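The tour has two parts.

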Amino acid sequence: MANELPPLEAEIRRMISIAGPMPIAQYMAACLSHPNHGYYMTRDPLGAAGDFVTAPEISQMFGELIGLWAAAVWRQMGSPESIRLIELGPGRGTMMADTLRAATVVPGFRSAIAVHLVEVSPALQALQQQTLEPFGVSALWHEGLEEVPLGPAIILANEFFDALPVHQAIKEEDGWHERVVMLDGDGNIVLGALLSPLPHLDKLLPQRVREAPPGSIFEWRTDSLALEIGRRVARHGGAALVIDYGHIESEVGDTLQAVGEHAYANPLATPGQFDITAHVDFQSIAQAAESIGARVHGPLPQGDFLRRLGIETRAATLKAKAPPAKVSDIDSQIERLTGTGARRMGTLFKVLGLADPKLGVLPGFEP
Ligand code: SAH
């Protein structure tokens, strides 16, 4: 009864029945950014009323500190007259708004900025436009980083890489087999693995991963975005900040997850209705960017990075101005952004800097 299914599920079943099993990455891409039915394409998933909350939505302090970081990098670059401030996947535009507000305290920086936003979702593009309107900056939207004109740039990506399609392979006695989405006898979408092993994956993996026991799962994304970021900062000047949940070193583990209405869901159920993400492998991003000439800074746990940027001082200033009832809110925001443990971002999230090697150590990454 395929005609009663939600349209994206019907389409995915049809694609599999015609073309055969679909790599998880292709399934994830369809769920998130199918032009008509993709999760991000039609809605605002962020915030207390949405499906998940990100750091900039927790507190203005996050975007403000990133703005001061960007201003410090701009100074390190010799205060160029013009600089592209590029954000990948800006969500509601909250971080960019807080960044621009903080940037005004550094003379010359704000007027040097041309904002470029890389956003696939028309719904979120419209929201970003609305958020940034009061700032009166020139802003342009693009569907991919490769569309942004070349030139000195500061590139920001918060919770962007986790939403990029991820491949999975499972280790069996004869090697790694790509995990796929396929149809069972009743036509339902189920997980499976291809019968023949991936010929070259083993050689590309770090030794620790290669030696994992049978049944282990390895996840990877294509290097193209990390290479593009690395190439830009290394050849045209500037730096990038990648902030996300993930692991510092490549390792095995199944981290594919679906989230809707602040709860975990089955990634195979109701495609397009839930956010699907996987942890970010910071080692692979760092290696790709380094291979093309960028210098790698960190990664550091988000809590350490924000403390080094002065989140405590910023909080004290905000608390001094806040009505008494709001003071404890600021404390709990700090705890969520920098603390350790469940629902805290301080150690689960990491911050990676990628930069022109001619710049010194980036702010926040000092040894
Ligand atoms: N950075 C924001 C939003 C994170 S959600 C924040 O921290 O609040 C992920 C964002 O990336 C959304 O804006 C989503 O629409 C966008 N996005 C996801 N996949 C994308 C892709 N392949 N290309 C461009 N934007 C994408």
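The stops below cover a cavity and then some aromatic rings.

This is a predicted model, where local features need pLDDT of at least 70, side-chain atom pairs count only at pLDDT 80 or more, and totals for chains, interfaces and linings use all residues. Residues are numbered from 1 along each chain as its sequence is written, and side-chain values use heavy atoms, with hydrogens and water left out.

**The cavity**

Select Glu 219, His 247, Glu 251, His 279 and Asp 281, which line the largest cavity. A cavity is a set of points on a 1 Å grid over the protein atoms alone where a 1.4 Å probe fits but cannot get out; lining residues have an atom within 4 Å of a point. The space inside is about 30 Å³, a volume filled by probe spheres set on the points, which are joined across faces, edges and corners.

**The rings**

How many aromatic pairs does a search of the whole structure find? It finds 7. Rings of Phe, Tyr and Trp (its six-membered ring) pair if their centres lie within 6.5 Å; planes under 30 degrees apart count as stacked, over 60 as edge-to-face and the rest as tilted.

Select Trp 74 and Phe 109. Their ring centres are 5.3 Å apart and the planes meet at 45°, so the pair is tilted. Both residues are buried (under 20% relative accessible area, with a 1.4 Å probe and protein chains only).

Next, select Phe 305 and Phe 365. This pair is tilted too, at 5.1 Å centre to centre and 40° between the planes. Phe 305 is buried at 0% relative accessible area. Phe 365 counts as buried at 9%.

Finish at Trp 176, Phe 218 and Trp 220, a cluster linked by ring pairs.

Terms used:
On a 1 Å grid over the protein atoms alone, a cavity is a set of points where a 1.4 Å probe fits but cannot get out, and a pocket is an open set with protein on both sides within 12 Å along at least five of seven lines; lining residues have an atom within 4 Å of a point. Buried means under 20% relative accessible area, exposed over 50%, partly exposed in between (1.4 Å probe, protein chains only).
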